[in-house]
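Have the structure open as you read.

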Amino acid sequence: MKLFKTLFATALILLSSAAFSANIQVQAVSQHVHILSGKDYGTNIGLFDTPDGLVLIDPMPGEPYLAELEKTIQTIYRKPVTHIINTHAHADHTGGNAFFASRGAQLVTGTINRFDITHRVVKSHTGTDNIYYYKPGNVIFVGDVFDTSWHPTFYAGGVAGFNQAIETILSLGDEQSLVVPGHGEAASKTLLRAFRQNTLDWVNMVRTLSKQGLSLEQIMADKRAVELVARFNPQGKSPFLPSKAYERFVQRTLQVIEHESL
Ligand SMILES: [Zn+2]
């Protein structure tokens, strides 16, 4: 058993470092779970090798990259994708559905109670955000409810929907579960809790500054706002947020606050 484990670990390292393709990154979570991501959108794409088929989560758009993605999947499992599921309807998560459907995969929508997947629906980033917990790999794919490479985008559910969504994710699996955001590196529940706290701190701070009568520009320039936004950059990306995106984030946060006080 020990030998097998060692061999398996070695195989994983080789698998991770092997140059499958120039534009697709591969992370082996276990024998039956892989996280792939394309260079252009950086969408985290899931691959579950289940007894009921090879399930693909959130293929990104873009023909040349999709061909590379398919080749990479073929290299890993030597069999075709049988099913596609999506965390939410945005194009950077569904754009590759048609490509795999045209190759025989079936798009599965609605409530999923097969493939050993525990499925929950929340409302935070969009009106329908799907959370997929795959117990055999102890991974939770959460789409854009969580992001480790960008600021939070809780615009559909507001603070209440966001809190509910995070609670739902935390209720799945255990402390060792790997939480896979829509974009950015996979993380622990500890990091997810920090993300929740940072998000709540952010909203409270923008609310306070707005109540004090600060304008959009003044909020953006406030030292506390700048410091808080930097907390959404755990990977230390530089540059992090373009100023247009930062402005939009403050604007949308103000809209959420306004909407909730109605
Ligand atoms: Zn996305």
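**Aromatic contacts at a glance**

F162 is buried, at 1% relative accessibility. The model is predicted, and a search of the whole structure finds 11 aromatic pairs.

**The W150–F240 pair**

- W150 and F240 form an edge-to-face aromatic pair, with 6.5 Å centre to centre and 70° between the planes.
- W150 lies in the loop between β9 (139–143) and α5 (158–170), while F240 lies in the loop between α8 (223–230) and α9 (243–260), so this pair ties together parts that are 90 residues apart in sequence.
- W150 counts as partly exposed, with 28% relative accessibility, whereas F240 is buried at a relative accessible area of 14%.

**The F162–F195 pair**

- F162 and F195 form a tilted aromatic pair, at 6.0 Å centre to centre and 55° between the planes.
- Helix α5 holds F162 and helix α6 (residues 189–211) holds F195, so the pair ties together parts that are 33 residues apart in sequence.
- F195 is buried, with a relative accessible area of 6%, and F162 is buried as well, at 1%.

**Cluster and charge over a ring**

- One aromatic cluster is formed by F146, F154, Y155, F162, F195, W202, F232 and F249.
- Both F162 and F195 are therefore members of this cluster as well as partners in the tilted pair.
- R103 lies over the face of F99, at 3.7 Å from the ring centre.

Terms used
Residues are numbered from 1 along each chain as its sequence is written. This is a predicted model: local features need pLDDT of at least 70, side-chain atom pairs count only at pLDDT 80 or more; totals for chains, interfaces and linings use all residues. Side-chain values use heavy atoms; hydrogens and water are left out. Rings of Phe, Tyr and Trp (its six-membered ring) pair if their centres lie within 6.5 Å; planes under 30 degrees apart count as stacked, over 60 as edge-to-face and the rest as tilted. Helices (H or I, at least four residues) and strands (E, at least two) are DSSP runs, numbered from the N terminus. Buried means under 20% relative accessible area, exposed over 50%, partly exposed in between (1.4 Å probe, protein chains only). A charge sits over a ring if NZ of Lys or CZ of Arg is within 6 Å of the ring centre and within 35 degrees of the ring normal.
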